[in-house]
2 protein chains.
Amino acid sequence: MNSMKLGLVGIGKIARDQHVPALARSIDFDLCAAASRHNRLEGVDHYPNVEEMLAARPELDAVSLCTPPDGRYEQAAAVLRAGKHLMLEKPPAATVSEIEALALMAAASGVTLCATWHSREAAEVDAARDWLAGKRIAAVRIRWKEDIRQWHPGQDWILAAGGFGVFDPGINALSIATQILPDPLVVTGAVLSVPTNRVSPIAASIALRTGDAPVAAEFDFLQTGQQSWDIEVDTDAGVLRLRDGGSRLELPDAAPLAGPNEEYARLYRRFAELVRAGESDVDLRPLQLVADAFLVGERRVVEPFDF
Amino acid sequence: MNSMKLGLVGIGKIARDQHVPALARSIDFDLCAAASRHNRLEGVDHYPNVEEMLAARPELDAVSLCTPPDGRYEQAAAVLRAGKHLMLEKPPAATVSEIEALALMAAASGVTLCATWHSREAAEVDAARDWLAGKRIAAVRIRWKEDIRQWHPGQDWILAAGGFGVFDPGINALSIATQILPDPLVVTGAVLSVPTNRVSPIAASIALRTGDAPVAAEFDFLQTGQQSWDIEVDTDAGVLRLRDGGSRLELPDAAPLAGPNEEYARLYRRFAELVRAGESDVDLRPLQLVADAFLVGERRVVEPFDF
């Protein structure tokens, strides 16, 4: 099958770090056009926004959106109305109702909507899910602690309304947890720490349950030194430790497993498979859990944050 | 068919004002037991909590929960695990993930779960929905403004974490809007006004869309004098005005329609029908929209509130 012509929208850090390299190696997609208000990609036709890209390039088969979540709904709706297949960087939209409406639009237009969760494509996530299947879960601890200044330098939008704050990385943990745990996750409480000069939390403690087991999630954006992207699951067969964002798996009485990072290559491969099968993939559970944490969360005001 | 034996949990204002009178007239249910930490119902066997009521009264067919949403999940899970049909006062749980998990439990236990939205049972809601079907919606305005001191005297829980604040009445408007509007509602932004001494908002402005039409919702808990529970819909056939919480309908070139308040009688009738049909009814869209508003909402600190 011929490769599909793809337009990339939102040329920021995640586009340059992940999408462009993955597309350069993709046999499924040709990166033919890019849309961004401020940034350009060398050697790729440029448009100031998605609407102008769609109008100028009717031959595009698909669009990949990696703009910040706030404002992505209108862009996504324009793509779907134009009859193009659409892949969404995580989180898929600013609200759950937005992504539900987009799923309906995609179905009505007969195109593929692929709401991606890149951390689910980390090397050892599938192995963790398989090992946990059928085991009794006693407790789960999630620690997702990183340095915002290192990983999101100057990205003020992330701490603005609709930017999710520390849930922007934290939703990656929730996307893995919903993938590997046999029972649904339920949010029962949260404490959100919000800097005096920001709207979204810079740290959060979330209390959840899965089946009868308590789940404690700690998200922190101010972690210097050792970074943590770890999920530990106590089971009747010992402790599972999924580390480094899902790329390293430690199981009882076994040597650690660790695979290479092929997250975005796998995402684009999956998107192509969905298009060819005429299917969509929209799992809104991770975003749902974030919305729930905001809904029940107590807020603590903490000291101002500046990059 | 014989009437079903029902236990009522949470003997607060809504139980006394609505549930008990509706049950007194119900041919479907006999109110046999009540559970409440502090309050009793004259002439009804009393238990200090749902677990003790379930243990002492295995003959109960059904339970109706009208405790505050925070903490209701564990109570509901206990009822479903005991194999009893369950009716939930709105909002059905503190989080969307809680109500989704409860729906799975009900299905696994083979019992009916009925998540109620009493405002949908207001006299003119069905007529409003029927009139709007097939019409082109241009804009929607929701004004839900009431005096918290009059309607929720001393209910501090409503302004605590998980109490929803002004969304406790506001979710009634959203339950009607999701019922009468032909297209899904999508939250795109919100401003939440939170008193310095409280956690949940005492006023909120929510920006939504339905199809191509803007929807503006204004919720206020500090409305004195004239109270407003109104939804106005601009259409290609004129303006629909659904007033007084859904009990009065004003249509173009027609005399106003207004029916009596039979909301809770209709809820219990509906619950009985679902039990007899072996079905559940769990529409989480209104709660979803509230969670979305909390997720994207900007917060404004406003002056302290005391009852």
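## A loop residue of chain A

A:Gly71 lies in the loop between strand 4 (62-65) and helix 3 (72-81) of chain A; helices (H or I, at least four residues) and strands (E, at least two) are DSSP runs, numbered from the N terminus. With a relative accessibility of 43%, A:Gly71 counts as partly exposed, a class that falls between buried (under 20% relative accessible area) and exposed (over 50%), for a 1.4 Å probe and protein chains only. A separation of 7.5 Å is found between the C-alpha atoms of A:Gly71 and A:Ala94, which are 23 residues apart along the chain.

## Basis of the model

The model is predicted: local features need pLDDT of at least 70, side-chain atom pairs count only at pLDDT 80 or more, and totals for chains, interfaces and linings use all residues, while side-chain values use heavy atoms, with hydrogens and water left out. Residues are numbered from 1 along each chain as its sequence is written, and chains are lettered from A and ligands numbered from 1 in the order in which they are written.

## Annotated domain

For residues 5-113 of chain A, UniProt lists "domain: Gfo/Idh/MocA-like oxidoreductase N-terminal" in an unreviewed entry. UniProt positions are given in the numbering used here, feature names are shortened, and annotations may be inferred rather than shown by experiment. Over residues 5-113, chain A is 40% helix and 22% strand, and the end C-alpha atoms are 16 Å apart.

## Buried elements of chain A

Helix 7 (residues 167-180) of chain A has 14 residues, which should span 20 Å at 1.5 Å a residue; the end C-alpha atoms are 19 Å apart, which agrees. The expected span is 1.5 Å times one less than the number of residues in the helix. Because 13 of its 14 residues are buried, helix 7 of chain A is largely enclosed by the rest of the structure. A:Leu174 is placed in this helix and is buried, with a relative accessible area of 3%. Leaving aside neighbours within four places in sequence, A:Leu174 is in contact (heavy atoms within 4.5 Å) with A:Phe219, A:Pro286, A:Leu289 and A:Val290.

A:Thr210 belongs to strand 9 (residues 203-210) of chain A and counts as buried at 4% relative accessibility. Not counting residues up to four places away in sequence, A:Thr210 touches A:Ile137, A:Val140, A:Leu181, A:Asp183, A:Pro184, A:Leu185 and A:Val215.

## Helix 9 of chain B

Helix 9 (residues 285-296) of chain B reaches 16 Å from its first C-alpha to its last, close to the 16 Å expected for its 12 residues. This helix is mostly covered, with 11 of its 12 residues buried; among them are B:Leu287, B:Phe294 and B:Leu295.

The same surface serves both copies, as 100% of the contact residues of chain B recur in chain A.

In the interface, 32 residues of chain B are in contact with 32 residues of chain A. The area buried between the chains is about 2,500 Å², of which carbon and sulfur atoms give 63%; buried area is the accessible area (1.4 Å probe) that two parts lose on being put together, summed over both. B:Ser97, B:Val186 and B:Leu295 supply 22% of the area that chain B buries against chain A, more than any other three residues. Between chain B and chain A, 2 salt bridges are counted, each defined by a side-chain nitrogen of Lys or Arg within 4 Å of a carboxyl oxygen of Asp or Glu. The side chains of A:Arg209 and B:Glu74 meet in a salt bridge (3.9 Å, N to O).
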